Every structure is written in C-alpha cells, then in structure tokens.
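Keep the structure open beside you as you read.

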Amino acid sequence: MNARIDRREDAACIIVNIDRERAFWKTHYSELPCGQMLQGFEACWPLLVRAYDIYLHHPNVGREVGAVMYANSPEVTALSLESTMAGRIFSRVMDRIHRATTRLEYPHVLRA
C-alpha cells in the first residue's frame, strides 16, 4: 500500500462529526459483523467508537498498524472477536472516515 495514502503525513486537520457518524452507523450497523452477532446498535457502537479513537488519537499509523491496535483493544478482546472480523469492522470504519470526514488543508505549514 502506498505510504502517502496510508498515513497522514501532510499538514491537515481532520474533523469527524461523531453525531453524524453515529446516525450513519445506526442505520448501517447491521451490515457489519458486530451487527450480525450482537443484539442491537448500542452493543455494536463501542466497537465502532474504538476505531474512530484509533484514527483520531494515532494519526500517523497506517491502516495495518491501526487494525492491529484495534484487534488488541479492550472492546474487541472482551467479545473475543476473530481477527478477520475485527479487521472487517476496522476497515469499514476507515472507509467511512475517508468518505465522510472534512479535511482542512494547511499548505503553508513548515515542518521541522
């Protein structure tokens, strides 16, 4: 995978409207592995939030490292999700983030 696409190395601010994301997933969670194995959206939501947390709190990790972090998170391990299922959830959330976030560019920022 291209490192330029996989990592956020440029000067940008990513804005995630978590209320909008929650509304989106409330109508689409049943398509995810957690929606098929858990009862209701509220049981699935913490798994989705963890993926957003990884994206926002670890902006310089790529998808592969992020997926490992996700698979090892307390929310995922508590449910004993298989790594392939966890990977599918993480990947779907990352795809959604890349489509739904607002990206503010700062082209004149100098880097050390």
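In this predicted model, helix α4 (residues 41-57) and helix α5 (residues 63-71) have axes that come within 10 Å and cross at roughly 140°.

Which residues make the contact between α4 and α5? From α4 come Leu47, Arg50, Ala51 and Ile54, and they meet Gly66, Met69 and Tyr70 of α5. Sorted by class, the contact of α4 with α5 has five nonpolar residues, one polar and one charged.

Now turn to another pair. Helix α2 (residues 18-28) packs with helix α7 (residues 83-100) at an angle of about 130°, and their axes are 12 Å apart. The two helices, α2 and α7, are therefore oblique to each other. Their crossing, that of α2 and α7, is right-handed.

On the α2 side, the contact is made by Arg20, Glu21, Phe24 and Trp25, while α7 brings in Arg92, Val93, Arg96 and Ala100. How do the residues of the contact of α2 with α7 divide by class? Four are nonpolar, none is polar and four are charged.

| Helix pair | Axis distance | Angle |
|---|---|---|
| α4 and α5 | within 10 Å | roughly 140° |
| α2 and α7 | 12 Å | about 130° |

Notes. Residues are numbered from 1 along each chain as its sequence is written. This is a predicted model: local features need pLDDT of at least 70, side-chain atom pairs count only at pLDDT 80 or more; totals for chains, interfaces and linings use all residues. Side-chain values use heavy atoms; hydrogens and water are left out. Axes are lines fitted to C-alpha atoms, for helices over the stretch in contact, and angles run from 0 to 180 degrees between N-to-C directions. Helices (H or I, at least four residues) and strands (E, at least two) are DSSP runs, numbered from the N terminus. Contact means heavy atoms within 4.5 Å. Ala, Val, Leu, Ile, Met, Phe, Trp, Tyr, Cys and Pro count as nonpolar, Asp, Glu, Lys and Arg as charged, and the others, Gly among them, as polar. Angles under 35 degrees count as roughly parallel, over 145 as roughly antiparallel, 65 to 115 as roughly perpendicular and the rest as oblique. A crossing is left-handed if the near helix is turned anticlockwise from the far one by less than a right angle, and right-handed if clockwise.
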